[in-house]
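Me: I am new to this structure and would like to learn how to read it. Could you take me through its features one at a time?

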Amino acid sequence: MTIKNKLRAGFSFLFALALLSCGLSIYFLNRLSADAKAILKDNYKSVQYAKNMGVAMDANIGFLDAQQEKTIEDNLVKEEHNITERGEGPLTAALRAKYEELKLLNNDPVKAVAVRNEIKGLLYGVMQVNMSAIERKDATATKTANSATLLVAFAATFLFLVAFSFVVNFPGYIANPIKELTERIKDVSNRNYHQQLNFKSNDEFGELGDAFNTMTRKLDEYEHSNLASILFEKKRIETIINSMHDAILGLDEKSVIIFANEVACTLIGMPEKDLTGHLAPDIAMENDLLRNLLLNDQQKMKIYADNRESYYTKEVLAVTSKDKVIGSVIILKNITEFQQLDEAKTNFIATISHELKTPISSIKMSLKLLEDSRIGAVNPEQRQLLENIDEDARRLLQITGELLDMAQVETGKLQLNFGSTHPRNIVEYAVKALKTTADQKHVSINIKCDKDLPEVQADLDKTTWVLINLLSNAIKYSHEKSSVDLVVNKYKADEIEFSVRDHGRGIDQKYLSRIFERYFKVPGASTEQTGTGLGLAIAKDFIEAQAGKIGVESELGEGSRFYFTLKKYGN
């Protein structure tokens, strides 16, 4: 029998008991009501009629007046229509005869008194018959009430016992198998597959127990069949991780260290047994390197290991399962060799750039002397050659300057001289430096810089260099007889924005994300427009070193807008 049918049978039984109890109650209540109605409707009325007639008889001991006759007649008629008991009919008939006889004895008072007494006797007899009936029916109603009380009490007690037993036993019948199933599922979740359910029933619980037992047997078989291969794969992965030259540290979702290869253990300075299975934040409280790995977002790190300083880059990989992060892997890649090469390259560039400045300066001085008429006259061809040499020397001096600036940034030797200055000073210095270049190309510079702007906190020389670089690029990419807009305004409550807009060909959207990379040049530019690809990268380093931001907005055919922000002085 299924659980559904058992539930139906149980609730149907309770419902039947409830109906039985209600039926008995209604039956006995109806019987009591019928007995009470019989007493009130029949016997009590007859007693009342007899009483009314007796009162009318006693009202006047003489002859009956009209009012008395009417009262007696009305009540006698009612009594004649309400004869319900044995012996009540003859008494009523005799009463009618005597009453008619009394009405005819108007001239014989002696006989009238005798007839009156007989009538009173008959009235008493009617009352006695009905009073006896009332007593008998009351006894019957009392007996019915007592029987009903016993039966209803018995039925209620039986129903209560059945319902109590149902309440006590039925929840256990449903809950106990579910509770046992829950406990077994918890054991299975802990990879304990030797679990069996013993539900000795032929209902759904029995089917559930059989299905669960089949599942655990299959899981146990699967576990044992794959355990060897899983252990082999685990050992293989551990061997691969330990053979790598990078430090690898694995954490679960609760930041518990689940593995660490030999390189990681060496860098952290702790054996693997003291790392795995422990909370990383707890170990980090006493280990500086692990604390930096967990809390520091810096990608490049300098670590003292193997009695020397080494450079590493940190990479954090999230381990996910069904879009849920279940752990992370921290990888430290040793880039000491590349760092040394990079430093050698930077030092070489700095040295070469510094050494080139002296001969370039000598060349420019010699050009100045050659242009002096006191040295001697030069013909037009020679003057054109001198101008070409001067332009190339200028470009070479600009390149060496950019290389030196880049070397300063890369080596961390960038010196900033902060001070307060009005934005208009930076604008005037930059515009003045490029006035000749703009005039040669017939490009006008439209300046918008209010005098009431607050002063900015900046390195005047390097900020001016950045603005000159942006203006120079805008002039280079502008058409002849066009204009460049230089706007300075408040960007936020504590920042001032400098922006340079040209109306040239613009930059394709796919190149905007790389525009500030070193050595990057926008494809399609002419030889006169392109440079070393370092200017914007250095400008970005200069601005960000002053806690500012730099960016670009551009669309093809609409020109470009370069901008940077500086902090207001006093913030």
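**Reading contacts and cores**

Me: Setting aside its neighbours within four places in sequence, which residues is L471 in contact with?

Reply: Keep in mind that this is a predicted model. Leaving those neighbours out, L471 is in contact with A430, V431 and L434, with I445, and also with V484, L486 and V500.

Me: Which residues have the most contacts inside the largest nonpolar core?

Reply: A nonpolar core is built from buried residues joined through side-chain atoms. Here the largest one has 41 residues, and L471 is listed with L467, I515 and F564 as having the most contacts inside it. Apart from that core lies another, of 21 residues, which includes L249, L251, A260 and L290.

Me: Why does C265 count as buried?

Reply: The cut-off for buried is under 20% relative accessible area. C265 counts as buried because its relative accessibility is 11%, and C449 is likewise buried, with a relative accessible area of 7%.

Me: How many disulfides does the structure hold?

Reply: The count of disulfides in this structure is 0.

Technical notes
Residues numbered from 1 in each chain as written. Predicted model: local features only at pLDDT ≥ 70, side-chain atom pairs only at ≥ 80, totals over all residues. Heavy atoms only, no water. Core = buried A, V, L, I, M, F, W, Y, C linked by side-chain atoms within 4.5 Å. Buried < 20%, exposed > 50% of the residue type's maximum accessible area, 1.4 Å probe, protein only. Contact = heavy atoms within 4.5 Å. Disulfide = S-S within 2.5 Å.
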